[in-house]
Amino acid sequence: MRIYNTLTGKKEDFIPVNEGSVGMYACGVTVYDNCHVGHARSAIVFDVIKSYLNYRGFKVSYVRNFTDIDDKIINRAKEEGISWDEVAQKYTEEYYADMDALGVSRADLEPKATDHIPEMIEIIVDLIEKGYAYDVDGDVFFEVSKFDGYGKLSKRDMKDMMAGARVDVDERKKSPMDFALWKSSKEGEPSWESPWGPGRPGWHIECSAMSKKHLGESFDIHGGGADLIFPHHENEIAQSEAYTGKDFAKYWVHNGFITIDKEKMSKSLGNFFTIKEILDKFDPEVLRVFLLSTHYRSPIEFSDMILRETEALLDRFYSTLMRIDDFISKNSSGSGQTGETETFKKVLERFEDRFREAMDDDFNTALAIGHIYEVIREVNRYIDSKPSGDDATELLNDAVGALRVATEVLNVFNRTPKEWYVALMRSHGIPLTEDDIDNKIEMRRDARSRKDWDQADIIRDELLRSGVILEDRPDKTVWKIKIGN
RNA sequence: GGCGGCGUACCCAAGUGGCUAAGGGAGAGGUCUGCAAAACCUUUAUGCGCCGGUUCAAAUCCGGCCGCCGCCUCCA
C-alpha cells in the first residue's frame, strides 16, 4: 500500500509504527456554523481511508476531534445571544445530522477540546520549562525559532515567512511567527484556570494534546484539509515534537479543495454551499459519489451540472441492479450459457484485485469507481446475451457479491433500486406517491391490452412531465425517476 | 516576492516509462420496442497546454515558455 506523504512530498510504502494497527487522527471541525461541502469532502475522504484500512486487515484507531472553543464560537454566541457552549452543542448536532446523511461513520474517538484543558496545560508548562515557549501578561507563545524543524511540513523557511508576515502582529511576541498556546480571556469570555491566569487554549495545542492522549506520542496518519498544512499542522508538529522529543505523525495526508469557478470554496470568499443546501436538491449519495469520483488530493470543481452527471452515474448503477433482480426473479431453470459467459467470469474474477490495486495506490477511489462500472457494463452485456438457468443466476449473484466488497468500503451504491428511486422522488420534489404511479401503470396496462396506444402514451407522457419514466418490459412495466432536466 | 500544485476528447475524469490512453456524461448511427425508455454495439484524443531534450520506447523523466490555481491570514 502506498500513501502520499505531505511531509516528504512523495508516495511512500505504508508501514505502520506498530505492525497490524494504525493510529489515525484527522482534524475535525470548529463547531460554530453549518458545514459546507468542503467539510464533507474531508470527512468522507478520511471515512473511506479508515474503512479501507479496516478492509486491509489493520486494527484502526481513528480519532477526529471537535474544536468547541474558539474566537469564532464566542463571536457566534454573541450574535445569537446564547452561550458559547450552546453554540458548540447546536453545531455539533448539525454536524452529525449532515454526516449521518452522507454516510460518514463515527470515528472511534471524537474528543472535544474543552475536555482536555488539563492535558493542554501540562504540555504548555513543559514547553515553557524546556525553553520552547514564553508567557507574557497571561498569554503563552510558542517560540518558533527554538524548534529546528519548523517549516518541514509546509516546505518553507523562516526567512521567507518573515518577508510575508502580516503587519498587525502582536507586539509582545518575540517574533511575528510565534503562535499562541494559551490566550488570556477578557471579562465575560469563557475561561479556564491556568498557571498564567484565566484563559483558553490556542487552536493548535488541542490536537497535540488529544492525539497524544488517545494515540500516543508517535502515530501513523494525521490528516485534514490542505489548508491546514500551514500553520495548523506545522505548529502541531513543533509543539508535539518539542514536547516529546519524538517524531509526531509518520504520514501526513491532506485532501484538496473544492472550487467554484476555479476558486477555492471558503467561508471568507462567501462562495460556499452548505451541505444542507445541496441535500435540498440532491440525494446525499450523489454528493458522496461525486466527492469520491476525483482523487482526494486534486481540486474538484463544484457545480449543479456535475452533480446531475453524478446522479446519472448512480442511476446507471441502480438500473443495472434492477435488471439483475428482474432477471433472477423470472429466470427459468436449465442451462443456457452464452458466448459472454467466459468474459463475464474473467471480469468478475479480477475485479477485487483491481479494486485493491486502485485503493492501494494512495486511495484512488476514482479508479476504483471506474472498475465498478466495467463490471456494470459486463453485467448488462451478459444479460443482453440472454443466458438462462441456475448458472446464470449464480453468476449474477457472484457479480453482486463482488461489487459489494467495494461498495461497502466506499459506502456507496449500497441501497436497493427501489430505495434509490424513492429517494430520488423526494430529492426531485415529485409530488406523487408510489401508489399514484402504480395506479397509472395499471390504467396504462389496460389501455395497452386494448392496443389503445394513444391512451397509453398520454399516461406515459403525463408521468414523464412529473419526472417519472416508464419502461415496458416483456412481462411488466417498471418506473424510474428521470435524471437531468 | 517565497513555496507548492495543476493543464488528458464537447464536459467530468483515471493513467507518472512499454499491451488498442480506464470509467461516466453529452452528441451521431444501429439493434431491441406498438412507439418509447433502458441496455448493448459502432462512432467522437495517431492525441495528452506549447517548444526542445534524454531514451530502443514518454501523457508519464529533464529544461524552457504559456495559462490557471493554492498556501504564506481564520479556513476542510
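Okay, let's start in a loop: Lys 155 sits between β6 (139-142) and α5 (158-164), with helices (H or I, at least four residues) and strands (E, at least two) taken as DSSP runs numbered from the N terminus. Quick housekeeping: this is a predicted model, where local features need pLDDT of at least 70, side-chain atom pairs count only at pLDDT 80 or more, and totals for chains, interfaces and linings use all residues. Residues are numbered from 1 along each chain as its sequence is written, chains are lettered from A and ligands numbered from 1 in the order in which they are written, and side-chain values use heavy atoms, leaving out hydrogens and water.

So, back to Lys 155: its phi is positive, near 55°, and the residue isn't a glycine. Most residues other than glycine have a negative phi, and most peptide bonds are trans. Asn 411 has a positive phi too, about 55°, and belongs to the loop between α13 (390-410) and α14 (417-427).

Now the peptide bonds: Phe 230 and Pro 231 are joined by a cis one, omega about 0°. Pro 231 is part of helix α7 (residues 229-244).

How do α1 and α9 cross? Their axes (lines fitted to C-alpha atoms over the stretch in contact) come within 10 Å and cross at roughly 70°, so α1 and α9 are roughly perpendicular, a label for angles of 65 to 115 degrees. Contact here means heavy atoms within 4.5 Å; among the residues that meet are Ile 44 and Val 48 in α1, and Leu 287 and Leu 291 in α9.

Key: Axes fitted to C-alpha atoms, helices over the stretch in contact; angles between N-to-C directions. Parallel < 35°, antiparallel > 145°, perpendicular 65-115°, else oblique.
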